[in-house]
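Let's take a friendly tour of a protein model, stopping at a metal site and at some open spaces. Have the structure ready to turn as you read.

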Amino acid sequence: MTCVLAIETSCDETSVAIVNKDYRILAQTTRTQEEHSRFGGVVPEVAARRHYELLPLLFQKTLQEAGLKMPQIDFIAVTNGPGLIGSLLVGLSFAKGLAYAFRKPLVGIHHLEAHIASVRLIRPEWEFPALALIASGGHTHLVLLSSWTSFRVIAKTRDDAIGEAFDKTAKMLELGYPGGPIIDRLSRRGDPHRYLFAVPNMRDESMDFSYSGLKTSVLHMLKQKPELFQPKTEGNPSQDTLDLLASFQECAVEQLIDRLKKSLMVNTVKSLFVVGGVAANSLLRQKVEDLVRSFNLELGIPGIEFCTDNAAMVGAAAFTRIHDAPSLLTFDYPTITGMDARATWPLDS
Ligand code: KG4
Ligand code: ZN
């Protein structure tokens with residue numbers, strides 16, 4: 001049984017998983033770093049230090065849970081970009097050390113490639129062509145895939161990512177971090193049609209996204225009528241705040257649906273993948289269910305735990321990569337030492 005030990009530390013989740021060649025997870029331990037909550041966003045130095053403390057512990061725990069020892073692991077995979085450079089360096093250095101000490105091959109994985117591969121944890125094979133929406137804290141991409149390894153980015157955000165818009169809106173209202181799950185939960189008690197925010201269209205008819213205007217509209221409302229949006233505690237926000245959050249979420253999600261519809265109108269695909277942290281959003285999940293029904297598509301949307309950052313998806317991406325390049329499965333000292341962490345790294349480069 002070929003299996004990979006996978007490591008993910010690109011942002012504020014520390015995660016280690018062991019996945020086998022059938023895309024089955026033998027064990028996974030993930031720790032979401034809570035210490036960023038009081039800052040309203042991830043503090044890069046704090047994240048790197050916390051990965052440094054947690055990674056050896058999670059590594060041991062994951063091996064124990066799988067009932068395996070390092071000699072039984074066939075190779076190691078690690079996210080080496082894009083992400084926070086300090087966080088990436090901690091994961092990559094740990095992976096390099098392991099690879100060298102145990103003479104195991106090491107595979108570096110692009111974070112967005114891993115998000116796409118997360119659908120293989122639901123079931124290994126999907127029909128192509130496929131359209132993938134990657135919606136996370138740092139990225140909003142539409143990717144057209146003719147196979148797992150042949151794809152084209154057809155749209156991306158021109159400013160903020162959708163997850164960032166959720167996080168910044170929650171921060172403005174002092175609701176905590178990460179904003180996505182908090183707004184998702186509170187929106188259920190609000191009226192999504194109380195405040196009208198417009199879905200932006202690009203002048204050049206591209207399908208690119210833009211979220212900074214929505215964030216600024218929320219900010220203007222808060223400045224104009226501060227008395228309406230009190231109190232700012234998560235436990236008991238005013239009805240106006242709940243309505244504002246629900247209206248914000250409605251517009252943010254509607255922009256994704258609008259771009260998906262337009263893309264599906266001009267691209268014939270068989271499968272739709274919706275991945276990344278924002279794929280955990282309950283409104284988005286409901287709306288894409290409706291969409292795939294009307295376009296008669298197979299929907300690949302991972303369980304909530306595999307939408308946000310996790311190491312199992314890194315393992316899934318590694319097996320996908322090895323399938324095309326089996327030579328990666330050899331211990332190669334220069335490749336291991338030369339592998340770099342990359343803070344920015346376009347998916348289609
Ligand atoms: O993929 P991810 O874990 O990390 C990045 O690669 O960025 O995504 C994290 C993002 C955060 O912005 C978080 O607020 C958002 O995903 N998120 C959500 C939900 N759960 C997480 N956004 C909306 N609704 C949710 N339920
Ligand atoms: Zn991510």
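## The second largest pocket

Sorted by class, the residues lining the second largest pocket are four nonpolar, five polar and four charged. This is a predicted model, so keep that in mind as you explore. The lining of this pocket is made up of 13 residues, and those nearest its centre are Tyr23, Arg120, Phe319, Thr320 and His323. The space inside the second largest pocket comes to about 220 Å³.

## The largest pocket

Now turn to the largest pocket, with its volume of about 1300 Å³. It is lined by 49 residues, and Ser136, Gly137, Gly138, Asp167 and Tyr177 are the closest to its centre. Strand S3 (25-32), H3, helix H4 (162-172) and helix H5 (179-187) each give two or more residues to this lining. Which element gives the most? That is H4, with six residues.

By class, the lining of the largest pocket holds 16 nonpolar, 22 polar and 11 charged residues.

## The zinc site

Next, find the zinc ion (ligand 2). Its coordinating atoms come from His111 (NE2), His115 (NE2) and Asp309 (OD), at 2.0 to 2.1 Å. Along the chain, these donors of the zinc ion follow the spacing H-x3-H-x193-D.

Why are His111 and His115 separated by about one helical turn? Because they sit four residues apart in helix H3 (residues 111-117).

Methods
Residues numbered from 1 in each chain as written. Chains lettered and ligands numbered in written order. Predicted model: local features only at pLDDT ≥ 70, side-chain atom pairs only at ≥ 80, totals over all residues. Heavy atoms only, no water. Donors = N, O, S within 2.8 Å, 3.2 Å for Na, K, Ca; no water. 1 Å grid on protein atoms, 1.4 Å probe; cavity = no way out; pocket = protein on both sides within 12 Å on 5 of 7 lines; lining within 4 Å. Points joined across faces, edges and corners; volume = space filled by probe spheres on them. Nonpolar A, V, L, I, M, F, W, Y, C, P; charged D, E, K, R; others polar.
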